[in-house]
Amino acid sequence: MEFTKMHGLGNDFLVFYGEKALPKEASYLAQKWCNRNFGIGADGLVFILPSEQADFNMRIINSDGTEAEQCGNAIRCVCKYVYEKGYVRSERVTIETLGAGVQQAVLQTDSGVVTSVRIDMGEPILAGRAIPTKLDASPVLDWPIEAAGQKFNVTAVSMGNPHCIIYVEDAASFDLNTWGPRLETHLFFPQKTNVEFATIISRNRVEMRVWERGAGATLACGTGACATLVSSVLHGYTNRAAWIGLPGGDLFVEWDEVDNHVYMNGPAETVYEGSVNR
Ligand SMILES: N[C@@H](CCC[C@H](N)C(=O)O)C(=O)O
């Protein structure tokens with residue numbers, strides 16, 4: 001199978017184009033190929049498939065073999081891929097996702113190269129049961145939970161996939177590898193969760209690190225950045241548009257007051273092309 005290695009701010013994927021449907025063994029292939037020692041190495045596999053509702057259908061399989069409903073960094077990679085390969089001619093692209101419906105993208109280009117992508121990520125889901133969490137409240141704001149004897153106040157937001165945001169004094173030095181997996185699998189989140197540890201820098205900037213469901217610590221998470229901005233606005237910490245700083249770089253995220261949609265702006269990069277036996 002031919003693939004293209006791509007990343008969005010260091011959140012990296014093996015991107016496949018040309019399959020008619022998701023391969024039956026996608027979960028097994030993700031575990032095998034995403035392994036950084038025994039495989040090619042990536043945070044996930046991305047399949048660009050035909051769609052009846054949009055220009056393309058994107059499916060994302062985490063490195064542990066589980067399928068995610070949505071992926072903000074992957075969707076920017078998909079847009080870059082289809083445009084630069086000539087599979088779309090327009091700078092406006094629609095992508096069907098498993099859990100967040102059809103998303104609209106606007107591409108910034110320079111001489112046929114995509115330099116930045118703006119995605120309409122849709123409306124955030126704030127109802128506790130729908131995220132899903134074990135709580136009926138909406139929104140789930142600073143809900144106290146306990147993990148391994150430690151108390152955390154969690155804010156839960158779904159961008160099609162579940163996120164929990166925890167504000168800490170210094171995200172850069174926070175012990176992500178200890179607390180990330182414990183919160184990911186906490187019973188409060190029946191379908192597990194992505195976990196963002198965030199520090200407010202100003203009304204226009206939040207620094208965060210992420211522990212991803214099914215992939216562990218990654219350098220960036222697009223849906224996580226969107227969920228963090230929504231959470232920070234709900235808390236009154238930031239303006240409705242702010243920079244979200246991640247270990248791999250910055251995303252600019254806006255939560256529109258009029259249509260209630262979240263817009264994510266950021267880059268995507270191609271690293272190399274290769275082929276691998278199934
Ligand atoms: N890195 C992604 C999210 C990928 C899916 C996530 N691990 C999940 O299981 O929900 C992003 O950029 O949004």
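So, sorted by class, the shell around the ligand comes out as eleven polar, five nonpolar and two charged residues. Keep in mind that this is a predicted model. In total, 18 residues surround the ligand, and the closest are Ala68, Asn73, Asn161, Gly222 and Thr223. Which elements give two or more residues to that shell? Those are β4, at 56–62, α2, at 72–84, and α4, at 222–234. The largest share comes from α4, with three residues.

Now, where does the ligand sit relative to the domains? Domain 1, which is 2–121 plus 266–275, and domain 2, 140–260, both give residues to the shell, so the ligand lies between them.

Let's look at two positions, Asn11 and Gly222, that the unreviewed UniProt entry includes under "binding site". That annotation also covers Asn62, Gly72, Asn73, Asn161, Asn194, Glu212, Arg213 and Thr223.

Asn11 first. You'll find Asn11 in strand β2, residues 11–17. Buried or exposed? Asn11 is buried, because 30 other C-beta atoms lie within 10 Å. Beyond its neighbours within four places in sequence, Asn11 has contacts that include Asp43, Asn73, Thr218 and Gly248.

Then Gly222, over in helix α4. With 29 other C-beta atoms within 10 Å, Gly222 is buried too. Setting aside residues up to four places away in sequence, Gly222 touches Gly8, Cys71, Gly72, Asn73, Arg76, Leu251, Met264 and Gly266.

Key
Residues numbered from 1 in each chain as written. Predicted model: local features only at pLDDT ≥ 70, side-chain atom pairs only at ≥ 80, totals over all residues. Near = placed C-beta within 6 Å. Helix = DSSP H or I, 4+ residues; strand = E, 2+ residues; numbered from the N terminus. Nonpolar A, V, L, I, M, F, W, Y, C, P; charged D, E, K, R; others polar. Domains from an automatic or database assignment. UniProt positions renumbered as here; feature names shortened; annotations may be inferred. Buried ≥ 20, exposed ≤ 12 C-beta atoms within 10 Å, placed from the backbone. Contact = placed C-beta atoms within 7 Å.
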